[in-house]
Amino acid sequence: MNTELIEIKNYKGFGYQSLVSYGAWRVAVLRYLDELNIENIHSMERHTATDEVFILTFGKAMLILGGNDVHISEFQPVTMNIGEIYNIKKNTWHTIIMSKDAHIVIVENDDTNKENSETCLLTDFLSREIQVQGNQFLH
């Protein structure tokens, strides 16, 4: 196969892995990691310079949105369907719950990093509520 015409990438490890970058964008894969275990979700992140696209290709996943205010006072769960495109808008707090076999494709700006992203700690109440909904969703 002529690698000047096509690149074929895959990732079967755990966590986040950028696979293709071109110009201003990159494509990455997110697979389960312990940090995203329901009991470990105590914060959400948001990106201040870009939207972020999620596409579930295998398994089960639920996006958890926390609005776009300075602090997170409530959340909205969004059950992902395989093959649908979910565009998380710039400045939207979010995290994700996923089954251990889940495979998610992420498309985002290539310069998305900690300098143009923020993290917000969840209250104990919100963390528990997310855990309850997440456990019901996964089981």
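This is a predicted model: local features need pLDDT of at least 70, side-chain atom pairs count only at pLDDT 80 or more; totals for chains, interfaces and linings use all residues.
The side chains of Arg 46 and Glu 118 come together in a salt bridge, with 3.0 Å from N to O. Because Arg 46 belongs to strand β3 (residues 43–47) and Glu 118 to strand β10 (residues 117–121), this pair ties together parts of the chain that are 72 residues apart in sequence.

**Salt bridges**

| Pair | N to O distance |
|---|---|
| Glu 108 and Arg 26 | 2.9 Å |
| Arg 46 and Glu 118 | 3.0 Å |
| Asp 51 and Lys 89 | 3.7 Å |

Glu 108 forms its salt bridge with Arg 26 at 2.9 Å between the closest N and O atoms, and the pair links distant parts of the chain, since Glu 108 sits in strand β9 (residues 103–109) and Arg 26 in strand β2 (residues 25–31), 82 residues apart. Both Glu 108 and Arg 26 are buried. The side chains of Asp 51 and Lys 89 also meet in a salt bridge, which again links distant parts of the chain: Asp 51 is in the loop between β3 and β4 (52–58), while Lys 89 is in the loop between β7 (85–88) and β8 (94–98), 38 residues away. Asp 51 counts as partly exposed, because its relative accessibility is 26% and the class of partly exposed residues begins where buried, under 20%, ends. Through shared partners, salt bridges also join Arg 26, Glu 108 and Asp 110 into one network.

**The open sheet**

Strands β2 and β9, which carry Arg 26 and Glu 108, pair in the antiparallel sense over seven bridges. Within this pairing, Arg 31 has His 103 of β9 as its bridge partner. Both strands belong to an open sheet of five strands in the order β1-β2-β9-β4-β7, with antiparallel pairing. Strands β1 (15–22) and β7 stand at the edges with a single partner strand each, so one side of each is left without a neighbour in the sheet. On average, neighbouring strands of this sheet are turned by 25° against each other, direction ignored.

In soluble globular proteins, nonpolar side chains tend to be buried together. Here the largest nonpolar core has 17 residues, and those with the most contacts inside it are Phe 54, Met 80, Ile 96, Met 98 and Ile 104. At least two residues of this core come from each of β2, β4, β5 (61–65), β7, β8 and β9, and β5 gives the most, with three residues. Leaving aside residues up to four places away in sequence, Met 98 touches Leu 30, Arg 31, Tyr 32, Leu 36, Lys 60, Ala 61, Ile 104 and Leu 138. A second, separate core has 14 residues, including Met 44, Met 62, Ile 64 and Trp 93.

**A loop residue with positive phi**

The loop between β7 and β8, in which Lys 89 lies, also holds Asn 91. Most residues other than glycine have a negative phi. The phi of Asn 91, however, is near 70°, a positive value in a residue other than glycine. At 26% relative accessibility, Asn 91 counts as partly exposed.

Terms used. Residues are numbered from 1 along each chain as its sequence is written. Side-chain values use heavy atoms; hydrogens and water are left out. A salt bridge is a side-chain nitrogen of Lys or Arg within 4 Å of a carboxyl oxygen of Asp or Glu. Helices (H or I, at least four residues) and strands (E, at least two) are DSSP runs, numbered from the N terminus. Buried means under 20% relative accessible area, exposed over 50%, partly exposed in between (1.4 Å probe, protein chains only). A nonpolar core is a set of buried Ala, Val, Leu, Ile, Met, Phe, Trp, Tyr and Cys residues joined through side-chain atoms within 4.5 Å. Contact means heavy atoms within 4.5 Å. Two strands pair if DSSP finds at least two bridges between them. Axes are lines fitted to C-alpha atoms, for helices over the stretch in contact, and angles run from 0 to 180 degrees between N-to-C directions.
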